[in-house]
Amino acid sequence: MRYGEVAHFSHPQHRLRLEHHDTPFRCDGCREVGIGARFRCPHPGCDHDLHRQCALPLSPPPPPLRHPFYPRCAFAFLARAPGPRYCNACGRDVAGFVYHCRACGFDLHPCCAALPHALDAGGGVRLYLHPDSKAGVACHRCGHRGRSWSYRSHCGSFSLHVACVVDMLVESWHGVGRRKGVYDGGLVVPGAGGYRVPAIRGAAKSVHAGRGGGYASWGRKKGKVRRCCEIAGFAGQVVISAVLGDPTALIAGVIGSLIAL
């Protein structure tokens, strides 16, 4: 096997090559969107992409997956869910590859199963992944608790549901991988044939940034409050990049350029 290439059961006719692009794609394994690193078929006309997390099971069945949030579960990788299912991390329906616990009935998207348990949000702020719980800080995006897994700062000043990130991406990037054309309000990527990356709408809004529970931009305040909002804004970018399958500072910066204020 060549370095950076894999033979994958989902695309047996060609090897997939590890590539990195700043344009979003729809994974042909889990059917969710991604950005950054992906395994892609290099042959023209194939247009087959996989998240790195979805490409790791080269041929089913791989060993059972264990997750610290579900210590009693052994998650089996399935190319197709056993009937209608939803991901217990993000709450979104399962449409393709999934990790499924037959004993307990829990399901995880491959990218959700691989979410980092700690993220560096800059400014000395660390974010930690928490399971579904009604305790803790309300989500900066929706203002509620207990909806899904969430990333929270240790100091308790920031929290963002994984489900709220997915909602923003579904709303903003619903056409990615499903239709050709140029998206309005996006970023034109140099060298990508004029492709316009759709903007991520709603990511710059926070119920905690405004007064009286109203929405306000994370970056439009003054002094100490502004600093907190700036940290929260970058924290949001880091969480979005992690949910998309590439939790790197480079992709977090790309996400920042795509956020519509």
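## Confidence of the model

Within the chain of this predicted model, confidence is highest in strand β8, with a mean of 97, and lowest in strand β13 (residues 187-188), with a mean of 41. The score in question is pLDDT, the predictor's confidence in each residue on a scale from 0 to 100. Strands (E, at least two residues) and helices (H or I, at least four residues) are DSSP runs, numbered from the N terminus. Over residues 179-195 the pLDDT is below 50, although this stretch has 33 contacts in the model beyond near neighbours in sequence. A contact means heavy atoms within 4.5 Å. Residues 210-225 also have a pLDDT under 50, and the model gives them 35 contacts beyond four places in sequence. Where pLDDT is low, the predicted coordinates should not be read in detail.

For the chain, the mean pLDDT is 79, and 76% of the residues reach 70 or more. Residues are numbered from 1 along each chain as its sequence is written, and side-chain values use heavy atoms, with hydrogens and water left out. Local features need a pLDDT of at least 70 and side-chain atom pairs count only at 80 or more, whereas totals for chains, interfaces and linings use all residues.

## The annotated domain

An unreviewed UniProt entry carries the annotation "domain: DC1" for residues 9-55 and 83-113. UniProt positions follow the numbering used here, feature names are shortened, and annotations may be inferred rather than shown by experiment. In the span of residues 83-113, 13% is helix and 16% is strand, and the end C-alpha atoms lie 20 Å apart.

## An open sheet

Four strands, in the order β5-β6-β7-β8, make up an open sheet with antiparallel pairing. Because β5 (65-67) and β8 stand at the edges with a single partner strand each, one side of each has no neighbour in the sheet. Two strands count as paired if DSSP finds at least two bridges between them. The antiparallel strands β7 and β8 are joined by two bridges. Tyr99 stands opposite Leu108 in β8.

## Salt bridges

The structure holds seven salt bridges, each defined as a side-chain nitrogen of Lys or Arg within 4 Å of a carboxyl oxygen of Asp or Glu. One of them links Arg85 to Asp107, with the closest N and O atoms 2.8 Å apart. This pair connects distant parts of the chain, 22 residues apart: Arg85 lies in the loop between β6 (70-78) and β7 (98-100), and Asp107 in strand β8 (residues 107-108). Arg85 is partly exposed at 23% relative accessibility, whereas Asp107 is buried at 1%. Here buried means under 20% relative accessible area, exposed over 50%, and partly exposed in between (1.4 Å probe, protein chains only).

Salt bridges with shared partners join Arg40, Asp47 and Asp49 into one network. The closest N and O atoms are 3.3 Å apart between Arg40 and Asp47, and 2.7 Å apart between Asp49 and Arg40. Arg40, at 24% relative accessibility, is partly exposed, as is Asp47 at 40%, while Asp49 is buried with a relative accessible area of 3%.

## An enclosed helix

Helix α3 (residues 162-172) is largely enclosed by the rest of the structure, because eight of its 11 residues are buried. Among these buried residues are Val162, Cys164, Met168 and Leu169.
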